Amino acid sequence: MTDLVKLLCELIALPSVNPAFVEPGSLVAGERLVAEFLVRTAANAGLDVQMSRVLPDRDNVIIRLTPRGRVRRRIVLAPHMDTVGASGSQLKPVLKGGRIHGRGACDTKGSVAAMLGALLDVAAGKNRPSQTEIIFTGLIDEENNQSGSRALAKAKFKADLAIVGEPTLCEVVSAHKGDLWLKLTTKGVAAHGATPSLGRNAILEMARVVQLLETEYAASLKTRTHPLLGIPTINVGSIKGGRQPNIVPDFCEISADRRTLPGETQATVRRELAALFKKHGLAVTVADTKGAPCLPMETNGKLPLVQLFLKAAQRKQPLGVHYFCDASIFSNAGTPSIVFGPGDIAQAHTADEWIAVSELERARVVLVKFLRSLP
Ligand SMILES: [Zn+2]
């Protein structure tokens, strides 16, 4: 077992389920155990460590490798410590057939291990950068509200490049979509079910709205495309309306997930929906239900640090992904960001989450190569 495999197994054995996904007071909830483990490990290696309170009992971990010379650039390694729900056998790491199984193996304790492993290697080696500060941030709450990265952004934390850990199969990702959650409501007039003509049916109105979103609107989205991200999308995810068979329903409500491209904002989406509903004579109110903005992320692949990273990863071009992550928060707060990490997003959030040991080791090699190439 290599030191990196051991490190990942230790991380998986420490539950850090996002509290949003479990009952209050659950023993597996929160990032504290992982945070304390990272602090101990980094402090033992002589690194400068700090915990930074974000929410009650939930801290970001900030580990710095400060250069001997003057700091001319800052690189951030930013994986998240929280996972989706986990129980029983998912909390027991299993190494089998070149894979490590367990909750968080790829999303993103694999990235935590590879990034911390890389930092420790660079710190212990002779040719460490003399003018580059490397900052590892173990973030809380990526899976729910991204409170960890948002707290750093609010504190005006900035760097020259953030490498956000997510399972990209060691590809370099320079763009991802944004995400809007919308609640759409139609109102009707209640009446006795025996005399529907005396009322106005809010469900019928919403049925027209759903039809419109899934046909005309979806077709209009297909005419927009981004070279790395493809087309924006809409998904109607839930519906609720009316009370009982013999009452004409006076309300109906749907939730929809709208994935956005760079350039699309909450305001532009709201405007185009309002115009569409007006054109079809539908009265719909639209509300945003995400607690905080989830904007698209796009970083110029020609930036020298991105080019250097591509070289270390032996990749010609950066890619785009569909999922939202902390990179958006860093990027929109002024730090150019890429997403990079071992493992496949296809295994994230699944019942049998795993990561290939070869991926884990490869990610560390790429990161070490990149960090050592910096002055
Ligand atoms: Zn993740």
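Reader: Is Asn144 buried, exposed or partly exposed?
Author: Asn144 counts as partly exposed, because it has 14 C-beta neighbours inside 10 Å. The cut-offs: a residue is buried with 20 or more other C-beta atoms within 10 Å of its own, exposed with 12 or fewer, and partly exposed in between, with C-beta atoms placed from the backbone. Keep in mind that this is a predicted model: local features need pLDDT of at least 70, side-chain atom pairs count only at pLDDT 80 or more, and totals for chains, interfaces and linings use all residues. Residues are numbered from 1 along each chain as its sequence is written.

Reader: Ok, where does Asn144 sit, and what is it in contact with?
Author: Asn144 is in the loop between β6 (132-138) and α4 (147-154). Helices (H or I, at least four residues) and strands (E, at least two) are DSSP runs, numbered from the N terminus. Skipping neighbours within four places in sequence, Asn144 is in contact with Asn18 and Ala20. Contact here means that the C-beta atoms of two residues, placed from the backbone, lie within 7 Å.

Reader: And His322, which loop is that in?
Author: His322 lies in the loop between β14 (319-321) and α8 (327-332). His322 is exposed, because it has 12 other C-beta atoms within 10 Å. Not counting residues up to four places away in sequence, His322 touches Lys177 and Arg259.

Reader: What's the overall picture, like how many helices and strands?
Author: The protein has nine helices and 16 strands. Its C-alpha atoms fill a box of roughly 85 × 45 × 40 Å, taken along the principal axes. Of the 375 residues, 44% count as buried.

Reader: Which residues have the most contacts inside the largest nonpolar core?
Author: Those are Ala113, Met115, Leu119, Ala162 and Ile163, in a core of 78 residues. A nonpolar core is a set of buried Ala, Val, Leu, Ile, Met, Phe, Trp, Tyr and Cys residues joined through C-beta atoms within 7 Å. The largest share of this core, nine residues, comes from α3. Another core, of 13 residues, lies apart from it, with Met206, Val209, Ala256 and Leu273 among them.

Reader: What does Ala162 contact?
Author: Leaving aside neighbours within four places in sequence, Ala162 is in contact with Val76, Ala78, Ala327, Phe330, Thr335 and Ser337.

Reader: Back to α3. At what angle does it pack with α9?
Author: About 40°, with the axes of α3 and helix α9 (residues 357-372) 8 Å apart. That makes α3 oblique to α9. Axes are lines fitted to C-alpha atoms, for helices over the stretch in contact, and angles run from 0 to 180 degrees between N-to-C directions. Angles under 35 degrees count as roughly parallel, over 145 as roughly antiparallel, 65 to 115 as roughly perpendicular and the rest as oblique.

Reader: Which residues of α3 and α9 meet?
Author: On the α3 side they include Ala113, Ala114 and Met115, and on the α9 side Leu360, Ala363 and Leu367 are among them. The contact divides into ten nonpolar, two polar and three charged residues. Ala, Val, Leu, Ile, Met, Phe, Trp, Tyr, Cys and Pro count as nonpolar, Asp, Glu, Lys and Arg as charged, and the others, Gly among them, as polar.

Reader: And how far apart are the axes of α1 and α3?
Author: Helix α1 (residues 3-12) and helix α3 (residues 109-124) have axes 9 Å apart and pack at about 135°. α1 and α3 are therefore oblique to each other.
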